[in-house]
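Me: I want to check the labels on this model against their cut-offs. Can you take them one by one?

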Amino acid sequence: MTLRGEFPVLARKFRQLAAAWRALEVSVVEDLPSGERPAASDRLAEVVTDGTADLQPALRAMDAISMEIGRPISIEIADALHAAALALLRTQRRLDDEFRCHHAATELARAVQGRGPEWIGWARSIRSGVDGCVDSLRSTENTMLRCWRETAELAMRFGIEEGSEGRR
């Protein structure tokens, strides 16, 4: 596939990742059972809110690149890929460090222990949301790698430099 063909796919994958992350955010924040909240719930709410903010620059970059399709390849594409790569890296780290590692999983299990079935359901919903984010993240990363490969091939072939528009 060509770079021009991969960018719309990447933009779609980023929107899917943002939707999966939003579903996780709903589980963490809006589906929180009533009553006294464990401290872990506040921390997770902050994590998902920060994650949503981290995805926004990449989504804007993908929208900007979508408008560039059909124009000569330029440095803006590399800038957009960089913004997207940063968002993916931060999302991956956030998922691994705050949800998937042993410490985080144990902390969530302890937070809901003895609180009743609605809290256990809340924790399961979070785990399910995390799984959805991981699946979407991996798919987006695969598409991102194809975009980087296509960009590198074009740069090698046509010598795209900063400030130049390059050639088709």
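Reply: Start with helices. They are DSSP runs of H or I, at least four residues, numbered from the N terminus. Arg94 lies in helix 3. This is a predicted model: local features need pLDDT of at least 70, side-chain atom pairs count only at pLDDT 80 or more, and totals for chains, interfaces and linings use all residues. Residues are numbered from 1 along each chain as its sequence is written, and side-chain values use heavy atoms, with hydrogens and water left out.

Me: Why is Arg94 called buried?

Reply: Buried means under 20% relative accessible area (1.4 Å probe, protein chains only). Arg94 has 16%, so Arg94 is buried.

Me: What does Arg94 touch, not counting residues up to four places away in sequence?

Reply: Contact means heavy atoms within 4.5 Å. The partners of Arg94 are Trp21, Val47, Asp50, Gly51, Asp54 and Phe99.

Me: What makes Trp119 and Trp122 an aromatic pair, and why is the pair edge-to-face?

Reply: Rings of Phe, Tyr and Trp (its six-membered ring) pair if their centres lie within 6.5 Å; planes over 60 degrees apart count as edge-to-face. Here the centres are 5.5 Å apart and the planes 80° apart. Therefore both labels hold for Trp119 and Trp122. The two lie three residues apart in helix 5.

Me: How do you know that Trp119 and Trp122 are buried?

Reply: Trp119 has a relative accessible area of 3%, and Trp122 has 2%. Both values fall under the cut-off, so both residues count as buried.

Me: Why is the charge of Arg115 said to sit over the ring of Trp119?

Reply: The rule wants CZ of Arg, or NZ of Lys, within 6 Å of the ring centre and within 35 degrees of the ring normal. The charged end of Arg115 is 5.2 Å from the centre of the Trp119 ring and sits over that ring.

Conventions: Buried means under 20% relative accessible area, exposed over 50%, partly exposed in between (1.4 Å probe, protein chains only). Rings of Phe, Tyr and Trp (its six-membered ring) pair if their centres lie within 6.5 Å; planes under 30 degrees apart count as stacked, over 60 as edge-to-face and the rest as tilted.
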